[in-house]
Amino acid sequence: MSEKELLALAQAYGCNVFPLTDINNTSGCLNFIRRAPEYGIRPIVGIDFRNKAQQSYVCLAINNQGFLELNNFLSKHLHNDEPFPDVAPGFQNAITVYPFQKLLEIKKTVFAENEFIGVSIDDINKLQFSKYIRFKDKLVLLHTVSFRNKRDYNVHRLLRAIDNNVLLSKLSKTQQGAPEHQIMPISEIEKHFQDFPRILKNTKQLLERCSIQFDFSNNRKNQNLSTLYDCKEKDFEVLAKLCYQGLPKRYDTVSETIKQRLEKELNLIKQQDYVSFFLINWKIIQYAKSKGYYYVGRGSGANSIVAYLLQITDVDPIELDLYFERFMNLYRATPPDFDIDFSTWDREDVTRFIFEEFGAHGQVALLGAYVTFQYRGAVRELGKVFGVPKYEIDKLCSGKFGYDQLDGLSKLVLRYAKYLEGRPNYISIHAAGILISDAPMHYFSATNMPPKGFPTVQFDMHIAEDVGLYKFDILGQRGLGKIKDAIAIIKENRPGVNLPDIHNAKPFFVNERINAMIERAECIGCFYVESPAMRMLLKKLGVRDYLTLVAASSIIRPGVAKSGMMREYILRHKNPERRKRAHPVLWDLMEDTYGVMVYQEDVIKVAHHFAGLDLGEADVLRRGMSGKYRSREEFLVVKEKFISNCRERGEQDAVIFEVWRQIESFAGYAFAKGHSASYAVESYQSLFLKCYYPLEYMVATVNNGGGFYRTELYLHEAKKLGGNIHLPCVNRSRIETIIHGIDIYLGFQHLQGFEKRNMISLLQARIHGDFESLDDFMERVPMSIEQLDILIRIDAFRSLGKDKRTLLWEAYYKYNHLAIDDLQPQLFRLGAREFMLPQFTITDLENAFDQLELLNFTMYDVYSLLETPPTSNLLTRDLVVYKGKVITIYGYLITAKNTSTHKGDRMYFGTFLDQEGQWLDTVHFPPVAKRYPFRGKGIYRITGKVVEEFDFLSVEVIKQERMPYVSDPRFDITYNRKDFPKLNTVFG
């Protein structure tokens, strides 16, 4: 049951006080306390402590301090995965109720002031003949409420079977509750205990002792860590000092506008009590800088000059005229958002620093997240516990069945899956959120200890905000890893090079070479601007400056695109006459985007200035569009006021509802302008590196897991940029890909199935010198023949001067005829006996298929692998002369993005490489997408019409088919090695 369902049930049965005691968990407590007054109920919270589902004792918090004690105790046992002792510790501010049956087991006969004996209805008869009848003042009613009805009980049994990973029929009675664990009328309880009125009296007195208080009001106090130094005054003094020290570092000339903006922000930050929030972020950044970590600060906090001066962000709010009220205003109940990105590797250390720096007294925890059952997942889990065969479960998950043709068991699975959908499954970790509180974190919740090794609260961000806890977002991002690694690789590959400060991106904004590269959309590997959709937008807009890229970073988001405002923005950008269509008020508010809503703060501007809502109401609207409202009713009230205000101002309904449609279509997808600007800064940083150090940057991209595309595409790009790509080599390669001059050696990490331990062993052995022969390698690097086979087939021993078929023959012979330990280096030499072997022939085609198997791509021209050569040699550069005409062209599939039309039909945007290795873009409307679906990676023969929009050419597909490759020559007995020609190479 949800907290609301439980409270509604208690209200229906006439309860005015009600305790919530979840099993080994406190997830529901805060929301239960928050919602209880709405139902006229005084909330009490506690914990039902159980070992393997067996009840040990139920504890209730007498007050907030007692809740802290209980959370400390529970967390200790959860963190260490320890069973609870039979006897609870002596809590000072919490009550412990021992179940009568449990006391019979442990034979406890001495009870402290806050310890009681819990008697259930089933225990009454036994109690009369028990020694515990003499503890008259200690006897209280203990009745578990877990279910409302039979269906709840059935769902409970299914969940217990899922949790225990057993068939429902095999679920032990000890692992489930009892059907009678339901709420009952007070009159019925009184009837059961009519001979024991003292028990009911004791119970009421016990409940009267318990009270819990948290502030959930709109003007609640911020619960985050309030001071970093001696007092709040000192904190503000430090913040102001840091800002004024940062002015000359950030601005050559400090204008009056800059001073006024800074004063305004500092005063409001102090007034809103967010000084420590900024200082904590500053401390995090200072640590990162001391370690040489690269970072990007974004979110609405990027609209702040204080954040800019503290170097939390690299976005200048004065230069971009960022809307201050998006960042902070008197009506906004929450602090500004700071999302700080680090490379994936650096993020872990930064998180560790935060726990050590601010969490000496348990004040830091990761934020939790509720993972709910999704329908198909529920079907799969329920199918297992019902014992449904896998093929039948797959069919139920696919939805491809006739309901009337299903058997009773399958129908039961679907029925209960529908009931489970959207209900809690387990507690996970928020993607980025860290809480830093004034009080110990266990004041609010118990914590779990997930594999990450950092305590995690048992509630989500909504509950956290309700109680006044605001998260710090620390994220991992591959793009920053690429920048950091690229700089290290440049210094290694080009000793003595003098690199500019990458954090000072302003010179990059006006760099002609970089802007020309953006205009041509040559941005593969660069943060946020490399995707097919972004490449298309950059070309359509003709982007060649920072401010337009900032806009593009938000326009590309689904909300702006789907509202039709992306198209309108492009039209107004390219055609000044079109700008006259803008509503005068909207033009005045958003002149830099031609009167088109592009950023999140545009919603606030329009709501405030166009519809006359105050800034608090405007912020409700913005958060509502992001799906972050706590109350849908509150959002609808603001919507009604938006419409009525506009009518009062004389606006026509057609205009009002069109503006509302545009606002609504944002649906939380648009960025704050400061956020977009932060993305654009990182884009320029990566573009600078690619522009001036292209090969080193592409190597860094490959080593950081690429980006939007597969490794193959980045190697293709490196080849286009002048690099020579080499297969892994036992004497040159490392685990990661490396570069020497313009020669790029693939890392061993790209070999499918090659084990990490063998990579390490190989590199350790190579410290003592290169490998001179296969025997030398086998003596120094112990590994199984299967692992050695991978290295030989990828031609990693080519520097030894023998072909790989000879090496394979020798390796297998030695493994079959000599005692070779694949775990330890050889104590004795294998013997350098040379065998007289025939001259082996190995064709490029066989090499290509080995590469496809071991790398997932080939170094040869993929078009050479076609069973039938292309019937059309048309290339992407030829499309310009075929506008409006139907053509046939071949393309090697790189990626396909699916999306849905307004009617909900699926359509696709395809991205291919033509026979020259240039981009080919396609559009697949629903009828074509359904009739000619994508069938995986490979080469497609595409027939379609060449269309142009804003100077961007693409093909509207009429028909496509995936073309077959030749049969794998390694397994084809008809393959004639002598007659097969050499293949063209794509790489190297």
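In this predicted model, α14 (344-358) and β10 (424-436) each put at least two residues into the lining of the largest cavity. The strand β10 makes the largest contribution, with six residues of that lining. In total, 13 residues line the largest cavity, and those that lie nearest its centre are Arg347, Thr351, Leu366, Lys452 and Ile474. As for volume, the largest cavity comes to about 100 Å³. The structure as a whole holds four cavities of 30 Å³ or more. Spaces of this kind turn up when a probe the size of a water molecule is rolled over the atoms, which shows where empty space is left.

Next, the salt bridges. Side chains of opposite charge can pair when their charged atoms come close. A search of the whole structure turns up 63 salt bridges. One of these pairs Arg734 with Glu492, with the closest N and O atoms 2.9 Å apart. Arg734 sits in the loop between β14 (724-726) and β15 (738-740), while Glu492 belongs to helix α19 (residues 478-493), so this pair ties together parts that are 242 residues apart in sequence.

Another pair sits within a helix. Asp776 forms a salt bridge with Arg780, and here the closest N and O atoms are 2.9 Å apart. Both residues belong to helix α35 (residues 774-780), and because they are four residues apart, about one helical turn separates them. Asp776 is buried, with a relative accessible area of 11%, but Arg780 is partly exposed at 23% relative accessibility. Buried means under 20% relative accessible area, so Asp776, at 11%, falls in the buried class.

Arg647 and Asp653 form a further salt bridge, with 3.0 Å between the closest N and O atoms. Arg647 is partly exposed, with a relative accessible area of 44%, and Asp653 is partly exposed too, with a relative accessible area of 35%.

Salt bridges also link up into a network. Asp789, Arg793, Lys804, Asp850, Glu853, Asp968 and Arg970 are joined in this way.

Finally, a look at the backbone. Most residues other than glycine have a negative phi. Asn24 is not a glycine, yet its phi is positive, at about 50°. Asn24 is found in the loop between β1 (17-23) and α2 (29-35). Asp273, which is not a glycine either, has a positive phi of about 65°. The loop that holds Asp273 runs between α10 (256-271) and α11 (275-290). Asp273 is also partly exposed, its relative accessible area being 27%.

Terms used. Residues numbered from 1 in each chain as written. Predicted model: local features only at pLDDT ≥ 70, side-chain atom pairs only at ≥ 80, totals over all residues. Heavy atoms only, no water. 1 Å grid on protein atoms, 1.4 Å probe; cavity = no way out; pocket = protein on both sides within 12 Å on 5 of 7 lines; lining within 4 Å. Points joined across faces, edges and corners; volume = space filled by probe spheres on them. Buried < 20%, exposed > 50% of the residue type's maximum accessible area, 1.4 Å probe, protein only. Salt bridge = Lys/Arg side-chain N within 4 Å of Asp/Glu carboxyl O.
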